[in-house]
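Reader: Could you walk me through this one before I set anything up? I'd like to go over the metal site and then the charged pairs.

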Amino acid sequence: MTTVIPPRRCLQLRTVPRALENIDISNFIEMDNTYHDRMRIRRSVMDEHREATLQCDDVAGPAVLEFYDWMLSTYLPTRFPSIYKPVVRPSGPHLHNVVSNTNLPVRPVSPMAALETLGEHVDTDFLFLLPSSTAPDGSPIYHLQAFITCFPAGFSTREKCGNPLAAIHAPVPGYAVKLEKSMDRFFARIEVGRMVRRSNWSISTDDQLFSDGGNHMYGDAEQGKPIETNNKTLDVDNPDLDRKIEEQKRDVAVDDCRLRCERQTLHRLPKTKALVFAFKTYLYRLEEVKEEGLGPVLAEAIEGLGKGSVPDMAFYKRGVVWGEKVIAYLNS
Ligand code: HEM
């Protein structure tokens with residue numbers, strides 16, 4: 001049966017970061033009452049930022065096609081039968097999307113066309129990883145090789161494409177020291193049939209779902225590795241940093257701020273053995289957070305950013321810019 005839930009009911013689950021947990025594969029995609037609006041936004045983001053949202057390296061074509069076939073032939077019509085209905089047209093099998101009143105070809109003309117169809121008709125972003133290099137001990141290292149990401153949370157997926165997980169996470173404080181080794185092991189071992197989920201949260205100072213920069217502050221003090229930045233990102237090594245933080249703090253308007261949460265999943269495809277990393281983005285006005293009675297919970301989580309096992313997270317998430325005003329509002 002199709003379950004369409006209002007996204008607000010998910011709020012509580014997403015304010016606190018969680019460790020990885022196993023989920024049933026039937027819960028791969030979440031559907032809610034923002035679906036129709038989101039489809040419009042996704043189409044316009046893809047039109048406006050085609051290069052930034054879509055890419056498929058040749059090596060990833062078979063994985064994208066395998067995933068697309070499973071989604072359109074099996075998962076979507078079984079899990080959400082009132083939205084995606086199988087139909088046979090003279091040109092071959094299609095899925096009829098009842099909400100947009102369009103037919104999606106089950107046999108796409110190319111991997112890029114497959115990614116585009118997924119991007120327009122499923123409110124989840126998909127990234128494909130392959131074991132494209134090998135560590136000195138012979139274990140596989142996973143690289144990002146294809147993606148459809150309409151709602152990146154402040155990074156350029158295109159700049160990350162081709163890179164291994166460690167380079168992709170280079171700006172994340174604590175990743176190299178605390179996560180890299182165990183993640184590489186975990187990625188190498190995750191078996192077909194298992195699906196894991198994690199959630200994250202941050203505060204954005206605007207309501208833009210597509211963000212290829214500006215949500216983070218980067219520095220390389222800890223890792224000593226080059227960090228990818230772009231011109232919208234505040235660099236902690238900038239000699240003018242204090243002045244820039246003060247300027248940005250003044251510009252923060254609480255009404256414009258959003259709680260931004262991602263529900264992320266990871267699983268392996270049975271044939272090509274590629275890994276699919278998927279995330280759905282939720283944006284909540286801070287007023288909604290308060291209405292749910294979660295103001296103090298979120299305020300405490302924000303305060304905890306600078307006190308946890310990785311205090312630089314407060315910098316990375318730009319808490320030093322929006323923290324004061326947002327905490328004051330949430331506790332008011
Ligand atoms: C499932 C295991 C994973 C863990 C535990 C993990 C951990 C993290 C953490 C802690 C962050 C910092 C922001 C946050 O709180 O989420 C992050 C950011 C990020 N992760 Fe992951 N990650 C995982 C998988 C992946 C995969 C498979 C990709 C695929 C390419 C990916 C791409 C990214 C990107 C693009 C960022 C933003 C980096 C930036 O600021 O430039 N992650 N990840």
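This is a predicted model: local features need pLDDT of at least 70, side-chain atom pairs count only at pLDDT 80 or more; totals for chains, interfaces and linings use all residues.

Reader: Which protein atom is the donor to the iron atom of the ligand?

Author: The only protein donor of that iron atom is NE2 of His 169, at 2.0 Å.

Reader: And where is His 169 found?

Author: His 169 is in the loop that runs between helix H7 (165-168) and helix H8 (175-189).

Reader: Changing topic, how many salt bridges does the count come to?

Author: The count comes to 19 salt bridges. One of them pairs Asp 37 with Arg 40, with 3.3 Å between the closest N and O atoms, and both residues lie in helix H2 (residues 35-48), 3 residues apart, about one turn of the helix.

Reader: Is Arg 40 buried or exposed?

Author: Arg 40 counts as exposed because its relative accessibility is 52%, and the cut-off is over 50%. Asp 37, at 41%, counts as partly exposed.

Reader: Which residue forms a salt bridge with Asp 123?

Author: Asp 123 pairs with Arg 42, again with the closest N and O atoms 3.3 Å apart. Asp 123 lies in the loop between helix H5 (111-121) and strand E6 (125-134) while Arg 42 is in helix H2, so this pair ties together parts that are 81 residues apart in sequence. Both residues, Asp 123 and Arg 42, are buried.

Reader: What about Asp 47 and Arg 43?

Author: Their side chains meet in a salt bridge of 2.8 Å, N to O, and the two residues are 4 apart in helix H2, about one helical turn. Asp 47 is exposed, with a relative accessible area of 53%.

Reader: Which residues are joined into one network?

Author: Salt bridges with shared partners join Asp 32, Arg 38, Arg 42, Asp 123, Asp 125 and Lys 280 into one network.

How values were computed:
Residues are numbered from 1 along each chain as its sequence is written. Side-chain values use heavy atoms; hydrogens and water are left out. Donors are N, O and S atoms within 2.8 Å of the metal (3.2 Å for Na, K and Ca); water is not among the atoms, so sites may look incomplete. A salt bridge is a side-chain nitrogen of Lys or Arg within 4 Å of a carboxyl oxygen of Asp or Glu. Buried means under 20% relative accessible area, exposed over 50%, partly exposed in between (1.4 Å probe, protein chains only).
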